[in-house]
Structures are given as C-alpha cells and as structure tokens.
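This report sets out the confidence, the chain contact and selected local features of a two-chain complex. The sequence and coordinates come first, and the discussion follows.

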Amino acid sequence: MTTLHARHAHWMWVAMLFVALGLVRSAWAADVALPKAKIYRVEIHGFAFSPKTLSVPVGSRVTWLNSDEEPHVVTSAGSLFTSSKALDTGDSFSTTFQKPGTYAYYCSIHPMMVGTIIVQ
Amino acid sequence: MQDVHDNQAQGRRDFLKCMAWAGAGTLWLMKGGVLHAQPLGDGAQAAARDASFSFAQISDSHIGFHKAPNTDVGATFKEALALVKKQKPTFVMHTGDLTHLSKPEQFDTLAGLVQGANVGRVFYVPGEHDVIGDNGAEYFRRFGERQQPGGWYSFDQGGVHFVALINVLNLKAGGLGSLGADQLGWLKNDLAGLSSETPVVVFAHMPLWSVYPQWGWGTDDSTEAMSYLRRFGSVSVLNGHIHQIQQKVEGTITFYTARSTAYPQPAPGVGPGPGPLQTVAPDALHRYIGIRDVRHVQGKDALAVTEEALS
C-alpha cells in the first residue's frame, strides 16, 4: 500500500514536472522569437526624431511613429532605404536594416529634422 | 491705410504675440511702381481706384488638414476666395501649400474651389506639402506653368516683372529651402534684359530670407538670388510657408510673408516647432480679421514699398 501510494505520488510529480516544463518551453519559445521580431522605435514629436541616433543589430526592424500634428516623411539621405509616404498624425512607417552601416535620414518636408540609424 | 513704422516695432511684437489666426489674403495694389497692400474688405475698392492694377495673394490653404484650430480649411479658403473676387484683381497668386499631403483628391478639391469661385487667372507656386512622394508630379500636372522644365516662370503685367520661383524641391538633410543652380542660372538670364527701373515682384513658397533657420524658415541659396535683384529700384519678395506676417527691408528689397487661409503657426522660436497653433478657439479665429500691419521704406528713387495685411 505504501509502495502504491508512493508510486502514485511519483507519477503525479512527473506529470506536474511535464506541465511545468511545457510552460517553461512555451515561455522560452516566446523569448527566442522576441529578439528577431524586436521593434525599435523612433518617435517623431516636436519636429524632431527621438532618439536622434539609434543603434540596432543587423536585421532589426525600425518603426517611426509620428505623434506630431504636422505630417512628416522619413527620407534616407542618399536613398539607402526606401522612404516613407507622408506620415500624418498617428501614422507609422517600418523598415528592416539588413546590412551594417550608418543610415542618415531626414524629413523631406522639414529637412532640418535629421536622424541616424547605426546598424551593427 | 494705416501705416505702422519701424519705431512701432513693439506694437508689432505684441501683435505677433497675440496674433493668431489665418488670413483671407492680401490685395496688392501697384501704384506708379509702388506696391501697396490693402485689406481684403471694406475700403479696398476705393483704395484700388488709382492703382494701375492689383493682384491678390492667398497662401497655405492646406486642403486636407482637419484638426484644431481649423477643422474646415475648405470653408475658410472659400471665404478668402469670395473676398478676393469682390476686389476684381487682375490676377491671383497662391504662394504654395495648396494641399496638406499632396493627395490627388486634395488637389482636386482645391482646383474645384478655385474654379467655383470664378476669380480669374491664378498663378501658383508649390509648397513642400505639394510635392510629397512624387517631386510634385500631381501638382505640376494640374497647376504647373510650362515655361521651363523646372517649373519656375516669369511674366509681365502693367510694366511690372513677376518671377515665380520654386524652393521646395531637392531639399537636403539639415538644409533649408533650395533654388538650385539651374533655377539661379535661369533667374540671372531672366532679369538680365530688364532696366533697373522695372519694378520686380518675386514670389515663392518658403521665405527667401532667413526668418528662423532653426525651423527651416529660409532658403539655402537665396543670397545669390538677391544678388541679381539688388540693382533694381523696387523689389518685392512675397512668400507663404510660415503662416504669419513677417517683414524685412533690405535696401530696395522688401520681403514679406503671408498668413495662411487655414491655420496660424507660432512666432519664430516660440514652442517646440512650427506646427499649427492649436490654442486658438474656433470662435476667436475671425476676430483678428482686419488687423493691419504696414511698414514702408523710402528708397533712393523715392520708391516706397508698402505692405498691409489682414485676416
């Protein structure tokens, strides 16, 4: 009887371990997927890009969000990446940087607004 | 007409501080080679009587803008056109930012409003809001003059030489408005055959003087353009872009920026950037109509340039 009880308890522990492992694994999966899909953000506010300079690993996706009342356009200096369309208030634009380098950009309608993405 | 001279600059600053809103436009009267500005309202017809001709300037209609402080920029533009029509100007000039986002439907709306108002000949120059994404293709297709491949042009009216310049294309990172070498070369040639007595009116969207470069309110190569204009006895440079009245006199050249028919922008350096002034209550918008601001300069040939603008 004692043995049987012990066995039962043993199986219960094993089952619980599997459940726990399953949870850990799914959490891992999410963790592993995140770096690939990590979105780097640049805020456009007060006629400025923030942060003005952003360093990201190769393969990163960068998203600009315009929270100004004025439209802005993210334009690559030297056309190294495709420019955004006109971003009205609340509009965003994303692009992925596959090659290392320094990507200067500006707003084509307010060219005094400049920023840099450094891809390492 | 009410003159406000330089020594009343304090009053002007106060005016700019509380200055709020957008304007209907300015009626420009050419009297013996002297450009006078006149309110678009009562009295304009009487003042226009002895003018050799007149033209109206409207600017920054921003069709497509729909937020505070003006949720109906089409309506205010229509009002401006109605006031223009009453004055029967020889022609109308729109100094850019017809639309907010260069969208075809926004250009169509503007074209429809202008056509419906029946104000006669309208000359345009593009603003940076009219050339987004396509270097102005949609704009030029509808409103472009075809004198030059670059879109800039000139014409003569009543003995006055008018020059329309484009300074919103090929802008460089960190830069201001730009005319570019091709346009400057053309301008030099265009002016070369004129006698120095010819009154010249230059119009473009962005200011052709450094109003506030930190906000992009200027043009990188305007100094060279001005060097071609200095020999003339009377030069008036009309711009839009900054949605408020600012003026500067340099010898015989007077620079003038116009209000917008859509919404005001803050005075230079006030606040984080040159966005719409949102704090103006809708019912206060028209209260500023009729405010005048006049300065004049006496040139060596006794040519005076007078400016007056109002909402």
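## Confidence and packing in the predicted complex

Chain B has a mean pLDDT of 81, with 78% of its residues at 70 or more. The model is predicted, and local features are described here where pLDDT is at least 70. Within chain B, the lowest mean pLDDT among the elements, 28, belongs to strand β12 (residues 296-298) of chain B, and the highest, 98, to α6(B). Over residues 1-22 of chain B the pLDDT stays under 50, and the model has 42 contacts beyond four places in sequence for them. Residues 287-311 of chain B also have a pLDDT below 50, with 88 contacts in the model beyond near neighbours in sequence.

For chain A the mean pLDDT is 81, and 69% of the residues reach 70 or more. Over residues 23-34 of chain A the pLDDT remains under 50, and this stretch has zero contacts beyond four places in sequence.

| Chain | Element with lowest mean pLDDT | Element with highest mean pLDDT |
|---|---|---|
| A | helix α1 (residues 2-37), 52 | strand β3 (residues 53-56), 98 |
| B | strand β12 (residues 296-298), 28 | α6(B), 98 |

For the complex, the predictor gives an ipTM of 0.74 and a pTM of 0.79.

Chain A contains one helix and eight strands, in the order α-β-β-β-β-β-β-β-β along the sequence. Of the 120 residues in chain A, 27% are buried. Among its contacts with a separation of 6 or more, 47% are between residues 24 or more positions apart.

The contact between the chains takes 19 residues from chain A and 22 residues from chain B. On the side of chain A that touches chain B, there are 11 nonpolar, three polar and five charged residues.

### Helices of chain B

Helix α6 (residues 181-192) of chain B packs against helix α7 (residues 222-229) of chain B at an angle of about 10°, and their axes are 10 Å apart. Because angles under 35 degrees count as roughly parallel, α6(B) is roughly parallel to α7(B). From α6(B), the residues Leu184(B), Leu187(B), Lys188(B) and Leu191(B) take part, and they meet Glu224(B), Ala225(B) and Tyr228(B) in α7(B). By class, the residues of this contact are five nonpolar, no polar and two charged.

Helix α3 (residues 73-87) of chain B comprises 15 residues and spans 22 Å from its first C-alpha to its last, close to the 21 Å expected at 1.5 Å a residue. Buried residues in α3(B) include Val73(B), Phe77(B), Leu81(B), Val84(B) and Gln87(B). Just after α3(B), Lys88(B) adopts a positive phi of about 50°.

Tyr139(B) lies in helix α5 (residues 137-143) of chain B. Tyr139(B) is buried because 26 other C-beta atoms lie within 10 Å, and the cut-off for a buried residue is 20 or more. Leaving aside residues up to four places away in sequence, Tyr139(B) touches Ser102(B), Phe107(B), Pro126(B), Asp130(B), Val131(B) and Gly144(B). By contrast, Gln278(B) is 139 residues away along the chain, and its C-alpha atom is separated from that of Tyr139(B) by 28 Å.

Technical notes:
Residues numbered from 1 in each chain as written. Chains lettered and ligands numbered in written order. Predicted model: local features only at pLDDT ≥ 70, side-chain atom pairs only at ≥ 80, totals over all residues. pLDDT = per-residue confidence, 0-100. Helix = DSSP H or I, 4+ residues; strand = E, 2+ residues; numbered from the N terminus. Contact = placed C-beta atoms within 7 Å. Nonpolar A, V, L, I, M, F, W, Y, C, P; charged D, E, K, R; others polar. Axes fitted to C-alpha atoms, helices over the stretch in contact; angles between N-to-C directions. Parallel < 35°, antiparallel > 145°, perpendicular 65-115°, else oblique. Expected span 1.5 Å × (residues − 1). Buried ≥ 20, exposed ≤ 12 C-beta atoms within 10 Å, placed from the backbone.
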